[in-house]
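Colleague: I would like a close look at a single part of this structure. Please keep the account plain.

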Amino acid sequence: MNTYLIYGFKTALNGLKANKSRSSLTILGIVIGIAAIILIMAIGQGAQDLILNQIRGLGSETIFVGPGREPQGPSEFTEILSDSLKNKEVEALKDPAMVPGVKRLSPIVLQVMTVAFENETKRINVVGASDLLMEIMEIYPEKGIFFGEEEIKQYSSVVVLGYEVKKELFGDSDALGEKIKIKDRNFKVIGALPQKGRVGMFDVDNMVVVPYTTLQKYVLGTNFYNTILVQAEGEAAVTRVAGDIERTLRELHNIDDPSKDDFHVMTQVSMAERVGIVTDALTALLLSVAAISLIVGGIGIMNIMLVSVTERTREIGLRKAVGATENDILIQFLLEAVLLTAIGGIIGIAVGAGFSFLTSLILTQVVGFGWGFSFPFSAAAAGLIVSSLVGLIFGLYPARKAAAKKDPIEALRYE
Amino acid sequence: MPLIEVKNLEKTYLTDDVKTEVLRGLTFSVAQGEFVAIMGPSGSGKSTLLHILGFLDQASAGDYFFEGKRMNDYSETELARIRNTKMGFVFQSFNLLPRTTVLENVRLPLPYSEIKESLWEELAGKAIKEIGLSHRSDYRTSQLSGGEQQRVAIARALVMGPEVIFADEPTGNLDSKSGQQVMAILSQLNQKRRHTIILITHDTEIADYAQRIIRLRDGRIESDKTK
């Protein structure tokens, strides 16, 4: 049996070689299908990794508290404009009796505004935060200093610049001590951040940070926060702290029904889960489209195998006359179909991997994403298995047809 | 116990409700080592008989015993196994695989046997030597003459060392010189290797190689003579 399998493979290979152009055209369908699957899975994985990396950049101990119910659809995005998070809430979360296990906490005020130095202007994110933000995010000024508790209390007009902002407004010169205008107010540059890219919700290179008190009082004239960043004491405490925050805020706002929350709490884990669900759903959708091309390819295989079986009726008769059983014939034609699709699968994996690599190259070099290429081994294995299965499924009917010719003489007489 | 024994063998074809009786009750037996020629005009049923004897076709009625066991009592797998190990078939139209070499054609039955792959080459080489084509074993069969192609077919029939070789007008497509070569090989196999040979022909010169001649007419045995 084993010997026959090896011989069967050689025979099948010879059978395919005998019709090179026909065989290669037939497997093209499989090649395209498998390549599409590999590409989709690699891109899906890459996108997920990219987003997850940004989420992870925030640190696994970080908890976001946002105003308004978490938006469930586009119509609810205005929810996050709610003013439900104010100083009262910040003080409550700071209270160890209400929420134990909080290490650091910073309210965040966020607004896109025009920032100007001399004739250079730029519209960027202005982040109002407390002095603890840099420790929560673990980003420290490259030059100069960050503001401290004193500046928060004094409503000081000081600013720390992101890498790109500093470069665009000041070029290579040292910006420290210079004054920039945010809206109409002058802020003194006291620090510049190193190049960091994106960290979670912040595009660090393209933002400036000022004390939240100053931003609220002198620039925006508001008294609510866009986010409260909470750092828990250790990763293990995150879930519990998040729960305590929810409970505390509900108590504070007299909310009994969680679906009526006027705030939302997110952790790295919950965000990662959400990203996973979205990218998985997208990937599944695209995969089902690719699967259709595999089915079309499979039908092509079946068609060509049926032609082959008819063409080789005499060969089948002869093989039976010299002692081949129905099973031997079945296996021979099945092997041929599987070999055909497996070769298509292997080429498809190579093509798909090549295109994935190209995609990652373009996204990294041209678009500037931190897009990593990793050969999708699991997708490759899946591709090989799926393509072989396609051969098995679509080869079965022709192979059975070949084996079923009962009396060898009928097949031998076939013209 | 005779190698082959048939009793009241009948074969009827049914096409579009028209019954054609090809064999109408044959009874005879062939012993191991015999060289039998079956003769008769076309339509006398001799090819059909040979196909049934070679397990390539089935009788409609009557019994066929091979090595003492009724054909109907053999399973599908056993039939394939006997075709593989105990029977060799030589066809009028050679029936070689296209686009393949002499060696590949000759070893065709081996993968279906229990013989180890390491021995295939050697066994096929031996059979090719027997028919005198060792120098051509890597040639494609399409490059050979008709007589040489038929000798390749004989080597293929021979490679498993069968009890019996069935030859269906083996010289029918050959010129007389090639025909004589083929017949010389067959009678040598019968005399030296004691292979049973059952051959169909309507050429009396070819039939002369055999020790026994069975003549068929209209699906019945007309005469059965042993020299």
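Which residues of α1(B) are buried?

Modeller: This is a predicted model, and the answer should be read with that in mind. The buried residues of α1(B) are K46(B), T48(B), L49(B), L50(B), H51(B), I52(B) and L53(B). The helix covers residues 46-53 of chain B, and because seven of its eight residues are buried, α1(B) is largely enclosed by the rest of the structure. To count as buried, a residue must have under 20% relative accessible area. An α-helix has 3.6 residues a turn, so residues three or four places apart point the same way. After α1(B) comes F55(B), which has a positive phi, near 60°.

Further along chain B is strand β4, residues 61-66, which contains D63(B). D63(B) has a relative accessibility of 24%, so this residue counts as partly exposed. Apart from neighbours within four places in sequence, D63(B) is in contact with E5(B), V6(B), K7(B), L9(B) and R70(B). With R70(B), one of these, the side chain of D63(B) makes a polar contact of 2.7 Å. G25(B) is 38 residues from D63(B) along the chain, and their C-alpha atoms are 9.9 Å apart.

For a covered element in chain A, take strand β10, residues 207-211, where five of five residues are buried. Strand β3(A), residues 120-129, runs parallel to β10(A) and is joined to it by five bridges; in this pairing V126(A) stands opposite V208(A). Strand β5(A), residues 158-161, pairs with β10(A) in the antiparallel sense over two bridges, and V209(A) in β10(A) is the bridge partner of V160(A).

Conventions
Residues numbered from 1 in each chain as written. Chains lettered and ligands numbered in written order. Predicted model: local features only at pLDDT ≥ 70, side-chain atom pairs only at ≥ 80, totals over all residues. Heavy atoms only, no water. Buried < 20%, exposed > 50% of the residue type's maximum accessible area, 1.4 Å probe, protein only. Helix = DSSP H or I, 4+ residues; strand = E, 2+ residues; numbered from the N terminus. Pairing = 2+ DSSP bridges. Contact = heavy atoms within 4.5 Å. Polar contact = N/O pair within 3.5 Å; in protein donor to acceptor, adjacent residues only side chain to side chain.
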